[in-house]
Amino acid sequence: GVRGVVNLTKCTKGSDVTFFTWTVPSIGLKNVRLVYAQARVAIAAASGNATDDDFILKVKQGTSSAVSLATIAAASLSTAGTIVPKLPVSADALSWSSVASLSFQYNQTDASANLTGGAVEVYALLEMF
């Protein structure tokens, strides 16, 4: 699995930012599937979470477009404990074959976000088969 904490005051805003790249281990299994992901407000933003200041957790493989896993709406960033889970279904594009790595990203959607305080904790659980 992957776990990270993003400080909302200090994070890069307005673009996808890779915070962790997971190198797929060479153990003879060629397929990887994301089985669960979530974003949780660990510390509430004290102020500045205006409309369109959403926080999005994403995963990206190679040059493919990033896939959104969980979005915490701006209004919810001021409520510690808010959890947005992702339980993939068969229609989700969250399974890969013969890949070298997966990049986990976040996007604080408003480049001019003026957040005071706040942190989001993110999780992703993977399986190989």
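Predicted model: local features only at pLDDT ≥ 70, side-chain atom pairs only at ≥ 80, totals over all residues.
Me: Where does Ala-44 lie?
Reply: Residues are numbered from 1 along each chain as its sequence is written, and side-chain values use heavy atoms, with hydrogens and water left out. Strands are DSSP runs (E, at least two residues), as are helices (H or I, at least four), and both are numbered from the N terminus. On that numbering, Ala-44 belongs to the loop between S3 and S4.

Me: What does Ala-44 count as, judged by relative accessibility?
Reply: Buried means under 20% relative accessible area, exposed over 50%, and partly exposed in between, using a 1.4 Å probe and protein chains only. Ala-44 comes out at 28%, so the label is partly exposed.

Me: How far apart are the C-alpha atoms of Ala-44 and Gly-118?
Reply: Contact means heavy atoms within 4.5 Å. Leaving out residues up to four places away in sequence, Ala-44 touches Leu-77, Ser-78, Thr-79, Ala-80, Gly-117 and Gly-118. Along the chain, Ala-44 and Gly-118 are 74 residues apart, yet their C-alpha atoms are separated by 4.7 Å.

Me: What is the phi of Ser-98?
Reply: Ser-98 sits in the loop between S7 and S8. With a relative accessible area of 54%, Ser-98 is exposed. Although it is not a glycine, Ser-98 has a positive phi of about 55°.

Me: In what order do the four strands of the open sheet stand?
Reply: Two strands pair if DSSP finds at least two bridges between them. S4 and S8 run antiparallel and are joined by six bridges, while five bridges join S4 to S5, also in the antiparallel sense. S2 and S5 are at the edges with a single partner strand each, so one side of each has no neighbour in the sheet. The pairing in this open sheet is antiparallel, and the order is S2-S8-S4-S5.

Me: Which residue of S5 stands opposite Leu-57?
Reply: There are two facing positions to look at between S4 and S5. Val-59 stands opposite Val-67 in S5. Leu-57, in turn, faces Ala-70.

Me: Which residue takes a positive phi in the hairpin of S4 and S5?
Reply: This hairpin has six residues between the strands. The phi in question is near 55°, and the residue is Gly-62.

Me: How many residues of S4 are buried?
Reply: S4 is mostly covered. Of the six residues in S4, the number buried is five.

Me: How many residues are in the largest nonpolar core?
Reply: A nonpolar core is a set of buried Ala, Val, Leu, Ile, Met, Phe, Trp, Tyr and Cys residues joined through side-chain atoms within 4.5 Å. Leu-34, Phe-55 and Phe-104 have the most contacts inside the largest one. S3 provides the largest share of this core, five residues. The core's total is 32 residues.

Me: Why is the pair of Phe-55 and Tyr-106 stacked?
Reply: Rings of Phe, Tyr and Trp (its six-membered ring) pair if their centres lie within 6.5 Å; planes under 30 degrees apart count as stacked, over 60 as edge-to-face and the rest as tilted. The count by this rule is one aromatic pair. Because the ring centres of Phe-55 and Tyr-106 are 5.9 Å apart, they pair, and they are stacked since their planes meet at 10°.

Me: How many residues apart are Phe-55 and Tyr-106?
Reply: Tyr-106 is buried, with a relative accessible area of 7%. The pair links distant parts of the chain, with Phe-55 in S4 (residues 55–60) and Tyr-106 in S8 (residues 101–108). Their separation is 51 residues.

Me: Which element has the highest mean pLDDT?
Reply: For the whole protein the mean pLDDT is 93, and 100% of the residues reach 70 or more. Among the elements, S7 (residues 95–97) has the lowest mean, 94. The highest, 97, belongs to S4.

Methods. pLDDT = per-residue confidence, 0-100.
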